[in-house]
Amino acid sequence: MAIGSILVSVGISVGFLLCTGLILALLLILAEKKILNYGTCCIDVNEGEKKLQVPGGGSLLSSLAENEIFIPSACGGRGTCAYCKVQVIEGGSMISPVEEPYLGPEERKNQVRLSCQVKVRKDIKIRVPKELLSVKKYRGKLLSKRPLTYDIVELRIELLEPKTIDFVAGLYVQLESEEYDGHDRVMRAYSMSSTPSDKNHIELMVRKVPNGICTTWVFEHLKEGQEVVFSGPHGKFHLSNTDAEIIFIAGGSGMAPIWGILRDIKEKGNTRKATYFFGALTQKDLFFVDELTKLQQEVSWFKFIPALSNEPANSDWKGARGLITDVVARYMPDCSKNEGYLCGSPGMIDACIKVLTKAGMTEDRVFYDKFV
Amino acid sequence: MKLSPEEQRLIHNLKSSKFSKEGFLGTDSRSLEEIITDDLRTLGKAGVPKELLVQALKDAYQKARNTFGAEIEIKKNVKAVFHESMGRIPSPFCKDGLFEKGEVVVTDSANNLSLIITSLGINLIEKHDFFQGRGCRFRIDPVVAIKIFKLLPGR
């Protein structure tokens with residue numbers, strides 16, 4: 001009898017607690033809808049160039065993406081890559097602790113913010129680079145994944161929706177990985193190696209980074225025939241409209257934009273002289289040598305100089321040897337009339353800028369795509 | 001003891017967070033203060049000034065970074081190679097700056113020891129006396145570092 005009444009009491013108590021919890025949760029949801037309802041907010045982009053009506057409460061980055069304005073972001077809005085910077089002229093909240101380390105004094109003065117950390121809670125005015133307004137999100141199908149070296153693959157992607165892309169050779173896209181092994185989706189930037197004339201496809205070169213979330217997905221999970229998502233075109237790395245002789249310098253997957261630019265200028269009947277220094281460790285790190293050597297034989301304006309820094313002295317390699325910076329310094333003692341186009345690791349770019357400026361090239365004539 | 005908002009943020013940032021998937025404490029059950037005190041004591045017992053260790057780390061990092069991925073010998077039986085990586089990572093300490101994500105793997109084949117040096121890791125030791133927790137991939141264990149770089153007391 002006593003045990004029975006205890007069980008009934010426990011049952012009633014548990015039931016009461018459950019009901020109270022459910023009612024409280026319901027009240028919280030209702031309160032959030034009523035109290036935290038920011039209504040519809042207006043995002044004014046570039047002084048009225050676009051005016052977007054969005055539901056309040058979301059992040060600026062996602063609100064813009066829902067309206068087909070794709071700000072570059074590598075971390076998917078987690079506040080770790082600092083790529084999604086925009087100017088918030090009006091309506092931005094206080095700088096969040098997540099943003100603090102990423103904003104320099106000049107950026108703070110210019111009201112630059114990480115768009116993933118700015119909440120749209122009222123009307124907001126922003127400024128973004130004009131070229132970002134033409135960036136689109138694409139769905140494509142991986143046609144081929146071709147190994148170029150032991151750690152670099154070339155992806156050829158057919159566009160499904162939209163079916164065509166317009167871009168200038170040298171620009172990049174943001175490829176989105178899928179979730180795998182507990183890793184969230186991430187976006188990573190890869191330069192297009194394809195030519196703008198092939199509007200239905202893009203080609204990318206992806207180098208495997210140890211423990212890299214996106215590159216591991218590309219190498220180990222992405223299969224031919226699979227759908228992929230990317231946004232683009234992004235970036236400012238493209239040829240200038242001058243007649244200056246060109247020095248291209250690249251290493252590893254930094255080949256991608258240069259390969260695209262070279263094929264593009266060949267198609268367009270280029271006459272600008274160009275010398276391409278491609279740095280690698282050993283012969284097994286080289287690729288597209290036959291294609292670039294063939295291009296050198298076909299046209300008078302192009303010279304290709306692959307250079308190896310770690311090739312065994314007794315190997316059959318007949319080309320240039322040494323660090324790419326030393327090789328450039330040897331071949332180009334006077335760069336005062338040249339323009340430099342660099343793509344590679346930050347260390348390589350820093351060192352190459354020093355070599356080129358020492359040889360007389362002014363910094364405003366050095367263009368680069370740094371992997372940072 | 002009540003922690004200031006800044007201290008709370010630091011503790012949050014040191015664990016697996018937006019800043020670092022792995023976090024900075026690894027599997028270490030000690031507090032930040034204990035890790036710092038123990039590692040400084042280890043350095044002190046060995047008679048090696050922190051500045052000397054930091055300089056050795058900086059030299060190894062820079063030498064490897066300058067060879068664009070080629071493995072180099074920085075001391076007898078000690079090799080270093082730079083692995084580039086896209087992006088930057090902020091320090092878990094507030095307003096401490098952004099650091100490139102590239103890492104230098106140092107291996108001492110004679111003693112079968114290895115270390116991973118990053119620009120953030122060097123900064124954490126130099127500015128905050130923080131060598132990172134045990135079990136953390138990027139921990140610079142003072143004992144291991146002293147052996148690898150063959151650092152001598154007081155020099």
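1. In this predicted model, 24 residues of chain B are in contact with 28 residues of chain A, contact meaning that C-beta atoms placed from the backbone lie within 7 Å. On the side of chain B that touches chain A, strands E2 (78-83), E3 (88-90) and E4 (98-100) each supply at least two residues. Strands (E, at least two residues) and helices (H or I, at least four) are DSSP runs numbered from the N terminus. The residues on that side of chain B divide into 8 nonpolar, 8 polar and 8 charged; Ala, Val, Leu, Ile, Met, Phe, Trp, Tyr, Cys and Pro count as nonpolar, Asp, Glu, Lys and Arg as charged, and the others, Gly among them, as polar.

2. Local features need pLDDT of at least 70 and side-chain atom pairs pLDDT 80 or more, while totals for chains, interfaces and linings use all residues. Residues are numbered from 1 along each chain as its sequence is written, and chains are lettered from A in the order in which they are written.

3. Chain A comprises domain 1 (40-132), domain 2 (136-234) and domain 3 (245-370), with bounds from an automatic or database domain assignment. The C-alpha centres of domains 1 and 3 of chain A lie 37 Å apart.

4. In chain A, 6 strands form an open antiparallel sheet ordered E9-E8-E11-E6-E7-E10; strands pair if DSSP finds at least two bridges between them. Strands E9 (187-191) and E10 (201-207) of chain A are at the edges, each with a single partner strand, so one side of each lacks a neighbour in the sheet.

5. Strands E8 (residues 172-176) and E11 (residues 227-234) of chain A run antiparallel, joined by 4 bridges. A:Leu175 has A:Phe230 in E11(A) as its bridge partner.

Conventions:
Contact = placed C-beta atoms within 7 Å.
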